[in-house]
Amino acid sequence: MHLRLGGRPYRVYFEEAGRGIPLVCLHTAGSDTRQYRHLMVDPAVTEHYRVLAFDMPWHGKSTPPPGWQEEEYRLTTETYVEAIISFCRALELDRPVVMGCSMGGRIVIPLAAEYAKELRAVIGLEAADQVQSWFDNTWLHRPDIHGGEMGAARVSGLLAPQSPEETRWETLWGYMQSGPGVFKGDLYFYFYRAESDFRDFMARIDTKVCPVYLLTGEYDYSCTPEDTKRTAAMISGAEVIIMKEMGHFPMSENPELFRSYILPLLEKIRSQK
Amino acid sequence: MIERLPELVNGDERLVWRGRFLTVEFLVEVGDVPYYVSIHSGRITSVERGPFYTRSWLFAVRASVEAWEKLWEPVPRPGYTDILGLMKRGEARIEGDLHPFMANLRYIKEILVAPRRLRGGC
């Protein structure tokens with residue numbers, strides 16, 4: 001599809017499977033929609049949900065905008081929200097559920113605050129209002145270091161030790177394939193600490209209009225369970241689930257275990273009025 | 001444990017291959033005890049228990065005995081899966097010229113957790 005974002009033309013790649021309530025899935029920083037490939041072929045999900053996952057610009061099969069070669073990619077709250085809402089509106093989705101992981105989890109907070117009436121619910125995986133930075137991300141984009149291999153090594157400790165080898169390494173392969181500077185540019189948003197912005201968003205969320213569900217793996221040390229619980233405490237009516245033996249990439253690193261958490265939640269959302 | 005790195009690493013052909021462009025001397029500190037680790041093209045050529053005065057190292061990885069022990073559990077507990085997690089918790093310090101550390105991050109992380117193999121981990 002073609003979207004106009006920030007006044008510029010973008011070609012956006014997306015995949016979909018299933019019929020029913022639209023479920024828009026947002027991938028993590030530095031990766032792409034392949035993270036949701038297991039969810040998209042799960043009949044227990046696609047029986048009742050139209051699962052849609054799009055590659056953010058610069059990621060996966062969504063090309064960067066013309067002129068990209070002279071630019072440094074950098075994601076902001078505004079550009080991220082615009083991309084998601086534009087995608088939903090372009091497909092005329094009827095009150096979709098938006099589920100995002102990591103940076104995709106963080107963005108559901110402003111979405112719920114500003115677009116509650118257009119959404120059925122939001123699910124934040126590994127999400128918090130803000131997370132502590134612990135790494136100089138300049139290392140991720142320089143000519144004398146392979147950004148892909150380094151990016152994957154940077155996140156490999158965020159997966160749970162119990163996650164199966166095959167899905168662990170498929171998750172990391174996604175990072176190894178990321179374009180130069182893209183992971184770093186995403187992390188500009190992920191670690192952005194304009195505290196007042198997110199406190200304001202959280203205060204404005206009405207979970208009676210747009211329910212908020214936050215699921216975090218116990219092994220996630222980037223967004224810890226404590227970060228998520230702290231965030232939920234600031235959103236009246238938000239629900240928190242801490243996933244045992246799970247890391248930062250639930251839908252991708254251990255799809256079988258993730259099913260045990262997400263299926264009951266999707267059923268609950270489906271049965272809401 | 002650190003003194004056993006040569007046997008833990010050098011027999012793993014694929015791990016050594018991943019470090020094939022790395023030749024470096026670095027410091028691992030376990031509590032108060034410094035270990036000087038020499039790597040040549042991915043093989044651990046020596047681990048010497050210090051201290052040695054006025055001896056150079058390119059980068060240092062330091063943590064308490066307790067923190068290393070938790071990192072080396074066969075199935076580590078949350079927060080102790082890798083050296084970066086320890087660093088985020090404030091339980092490890094990584095300092096010096098970090099370019100070779102970052103450029104070979106997967107290899108370095110893997111050799112630092114190699115002692116898990118002594119306890120049935122992988």
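In the predicted model, the contact between the two chains draws on 15 residues of chain B and 14 residues of chain A. On the side of chain B that touches chain A, at least two residues come from each of three helices, namely α4 (83-88), α5 (99-103) and α6 (105-112). Of these, α4(B) provides the largest share, with 4 residues. Classified by residue type, this side of chain B consists of 8 nonpolar, 3 polar and 4 charged residues.

Strand pairing within chain B was then examined. Strand β4 (residues 59-63) of chain B is joined by 4 bridges to strand β1 (residues 24-30) of chain B, and the two strands run parallel. Within this pairing, Val61(B) of β4(B) stands opposite Val28(B). Strand β4(B) is also joined to strand β5 (residues 92-96) of chain B, here through 5 bridges and in an antiparallel arrangement. Ala63(B) has Ala92(B), in β5(B), as its bridge partner.

Confidence scores were considered both for chain B and for the model. The mean pLDDT of chain B is 96, and 99% of the residues in this chain reach 70 or more.

Technical notes
Residues numbered from 1 in each chain as written. Chains lettered and ligands numbered in written order. Predicted model: local features only at pLDDT ≥ 70, side-chain atom pairs only at ≥ 80, totals over all residues. Pairing = 2+ DSSP bridges. pLDDT = per-residue confidence, 0-100. Contact = placed C-beta atoms within 7 Å. Nonpolar A, V, L, I, M, F, W, Y, C, P; charged D, E, K, R; others polar.
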